[in-house]
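The sequence and structure come before the text.

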Amino acid sequence: MSVIWSGMVGCAVFCGLLTGRGPQVAAAAMEGAAAAVELCLSMAGVLCLWMGVMEVMRRSGLSQGLSRLLRPLLKRLYPDFARDREVMDSISANVSANLLGLGNAATPLGIQAARRMSRRTPGVASDSLCMLVVCNTASIQLIPTTVASVRAAAGCAAPFDILPAVWLASALSVTVGILAAKVMGRLWPAEEGAGRLQRRRVGWNWR
Amino acid sequence: MELALTMLVPFLLLGVALWGLVRKVDVYDALITGAAEGLGVLIKIVPALVALLTAVYMLRASGALELAAQALAPVLGWLGIPPETVGLLLIRPVSGSAALGVGAELISTYGPDSTIGRTAAVMLGSTETTFYTIAVYFGAAGIVKTRYAVPAALCADLAGFTAAAWAVRVCFGG
């Protein structure tokens, strides 16, 4: 992440000087930082609400039912956490919200899963956590309502006629994402990642 | 269809609450407890988003995306993606609202039922704001070493864009 961030900033400074937009870049840096806090505040309410709903679902056994339904698929994607009920429940709710197109709800639920996953490997993204993030960056919603409303606003008679194309493209993008994560997981051995680091930590604690 | 979609969230909330009551759960207490946990999560996300959005705003202001668009246009033709959508393609992973703006402009300029308009719509519908998602998830989980998450996610995005152009050709011809 450090390399990516430095790369983005370096690229911005370099291109800004090249195109003579240095002052705009300087102003944008401050703007971006302020916008981040605004964005967080604007999503605060929704995030808290869905975390609350998730808690109701957990206590009433709804999320367990969901994860029983999705388990056959999820245990293949997240083999390390197949026996971790809490993580499985959160991921199931996250996948369901994504499918329903409730991006605002899917994010808090996914975050909950990510936090629970990270307990095993603090600071480092395990293979399962990478998979969770990749699956969430590849949209899997069934009904893209926002885009449909944009098309309707542009005078489209049948704004939902793109649905089959959206499903095809989503399915392909998710598939490629999962394959890429699986292949890269092999290429990026977990020497600093999953499992080992934790064992080392435990070792230190014992001493 | 429209009404059912807009009422989805209210019905979900009602359904979850009723189910909780049936199962004798203290619904209100659960709601409050969960929401309080949400505040803690939020505080962990703020630093990650500040870092990311600073870089994204700088990139957008610097004109780097326009330069990249010029360089990428020929490559896109080779992949079968309409070159007009290059702006959308570059902004999509970094900013959701900006991408929606660019997409809406493409759709209204070329018409919602044109190949370009449809391709833009499918691209918007089948991809996500990758960098935002990564920052939020890893920020909340306190992850510093992200390993291969970013390249793998970008692979999925590229596949999504290519597949969008391809799917529109398959479904609508042209």
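## Basis

This is a predicted model, in which local features need pLDDT of at least 70, side-chain atom pairs count only at pLDDT 80 or more, and totals for chains, interfaces and linings use all residues. Residues are numbered from 1 along each chain as its sequence is written, chains are lettered from A and ligands numbered from 1 in the order in which they are written, and side-chain values use heavy atoms, with hydrogens and water left out.

## Chain A

Chain A has nine helices and zero strands, in the order α-α-α-α-α-α-α-α-α along the sequence. Helices (H or I, at least four residues) and strands (E, at least two) are DSSP runs, numbered from the N terminus. Along the principal axes, the C-alpha atoms of chain A fill a box of roughly 55 × 50 × 35 Å.

## Helix packing between chains

Helix α2 (residues 22-59) of chain A packs against helix α2 (residues 8-22) of chain B at an angle of about 40 degrees, with the axes 10 Å apart. Axes are lines fitted to C-alpha atoms, for helices over the stretch in contact, and angles run from 0 to 180 degrees between N-to-C directions. The crossing of α2(A) and α2(B) is left-handed, that is, the near helix is turned anticlockwise from the far one by less than a right angle.

On α2(A), the contact (heavy atoms within 4.5 Å) is made by A:Trp50, A:Val53, A:Val56 and A:Met57, and on α2(B) by B:Val9, B:Leu12, B:Leu13 and B:Val16. By class, this contact has eight nonpolar, no polar and no charged residues.

## Surface patch

B:Leu3, B:Met7, B:Phe11, B:Leu14, B:Leu18 and B:Leu21 form a nonpolar surface patch with about 620 Å² of accessible area together. Patch residues have over 30% relative accessible area and no salt bridge, and nonpolar side chains (Val, Leu, Ile, Met, Phe, Trp, Tyr) are joined within 5 Å; areas come from the Shrake-Rupley method with a 1.4 Å probe. α2(B) gives the most to the patch, with four residues, while B:Leu3 is found in helix α1 (residues 2-6) of chain B.

## Salt bridge

B:Arg147 forms a salt bridge (a side-chain nitrogen of Lys or Arg within 4 Å of a carboxyl oxygen of Asp or Glu) with A:Asp127, the closest N and O atoms being 3.2 Å apart.

How values were computed. Ala, Val, Leu, Ile, Met, Phe, Trp, Tyr, Cys and Pro count as nonpolar, Asp, Glu, Lys and Arg as charged, and the others, Gly among them, as polar. Patches are made of residues with over 30% relative accessible area and no salt bridge: like charges are joined within 9 Å, nonpolar side chains (Val, Leu, Ile, Met, Phe, Trp, Tyr) within 5 Å.
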